[in-house]
Amino acid sequence: MEGMAYGAGKAGGAFNPKTFFQQPHTILRILSWFFSIVIFGSIANEGYVNRPDEAQEFCIFNRNQNVCNYGLFMGTLAFLCCLAFLALDVYFPQISSVKDRKKAVLADVGVSAFWSFMWFVGFCFLTNQWQVAKQEDNPLREGGDAARAAITFAFFSIFTWAAQSFFGYQRYKLGADSALFSQDYIDPSLDAGAAGDPYTSFTAGGNNLGQGDPVGGSSYQGINGEGGGGYQEY
């Protein structure tokens with residue numbers, strides 16, 4: 001697109017919140033951020049139960065502490081990652097360097113693909129351990145809704161992060177208009193100095209003013225050579 005670099009115009013434009021929140025990748029980041037809160041909150045609040053004859057609580061997913069730890073850690077990390085990329089999206093139109101924009105877009109593609117894979121692993125892990133959980137470990141089936149919510153939103157997160165990676169790749173394919181965006185930063189003062197020749201002063205005949213330069217082969221003298229009244233030819 002003419003006048004664009006990786007999906008955004010030239011740096012220096014005013015931030016438009018309405019346009020920003022209508023962008024597909026912004027909507028997907030907000031959804032991913034919300035899903036990570038649901039996963040983290042479900043496991044943290046209702047992900048640990050105990051038998052009636054026990055005081056110690058265990059992970060609701062087959063009493064496997066690794067499952068709950070995985071959900072808590074990945075949910076928290078995904079939450080922070082979404083906030084970081086939202087901040088980058090706000091700042092992105094102000095980036096004047098095409099190379100920096102390219103790095104940001106490639107990071108978006110790679111990180112989003114990574115999170116899509118990690119949530120696929122998490123979904124399989126949570127689902128498997130929930131299916132093999134013994135009923136005697138949780139006879140009242142406490143926390144069942146929370147467990148299913150964590151599994152469901154882990155599944156949704158696979159697609160929201162995958163879609164972010166896709167839109168990031170689309171922005172990468174747009175590239176930049178090389179006619180409007182320079183690839184490297186050039187100091188304006190150095191660029192201006194290199195554009196013109198150095199300044200040289202001009203002197204008439206190599207002499208300073210006020211020294212009585214000869215005009216037309218004559219010099220001014222007075223009558224009888226005393227400096228007043230006429231001209232005497234050489």
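Let's start inside helix H5, where aspartate 145 and arginine 148 sit three residues apart, about one turn of the helix (helices are DSSP runs of H or I, at least four residues, numbered from the N terminus). The two form a salt bridge, with their closest N and O atoms 2.9 Å apart; the term means a side-chain nitrogen of Lys or Arg within 4 Å of a carboxyl oxygen of Asp or Glu. Aspartate 145 counts as exposed because its relative accessibility is 61%, and arginine 148, at 43%, counts as partly exposed. The cut-offs are under 20% relative accessible area for buried, over 50% for exposed, and in between for partly exposed (1.4 Å probe, protein chains only).

Keep in mind that this is a predicted model, where local features need pLDDT of at least 70, side-chain atom pairs count only at pLDDT 80 or more, and totals for chains, interfaces and linings use all residues. Residues are numbered from 1 along each chain as its sequence is written, and side-chain values use heavy atoms, leaving out hydrogens and water.

## A buried network

The salt-bridge count comes to five. In one of them, aspartate 89 pairs with arginine 29, with the closest N and O atoms 2.5 Å apart. Aspartate 89 belongs to helix H3 and arginine 29 to helix H2 (residues 24-46), so this pair ties together parts 60 residues apart in sequence. Both aspartate 89 and arginine 29 are buried.

Aspartate 108 and arginine 171 also meet in a salt bridge, at 3.7 Å from N to O. Put together, Arg29, Asp89, Asp108 and Arg171 are linked in a network of salt bridges.

## The second largest cavity

Which residues line the second largest cavity? They are Arg29, Phe85, Leu88, Asp89, Phe92, Ala104, Val105, Asp108 and Arg171. Helix H3 (65-91) and helix H4 (98-131) are the elements giving two or more residues to this lining. A cavity here is a set of points, on a 1 Å grid over the protein atoms alone, where a 1.4 Å probe fits but cannot get out; lining residues have an atom within 4 Å of a point.

The volume of the second largest cavity is about 30 Å³, counted as the space filled by probe spheres set on the points, with grid points joined across faces, edges and corners.

Notes. 1 Å grid on protein atoms, 1.4 Å probe; cavity = no way out; pocket = protein on both sides within 12 Å on 5 of 7 lines; lining within 4 Å.
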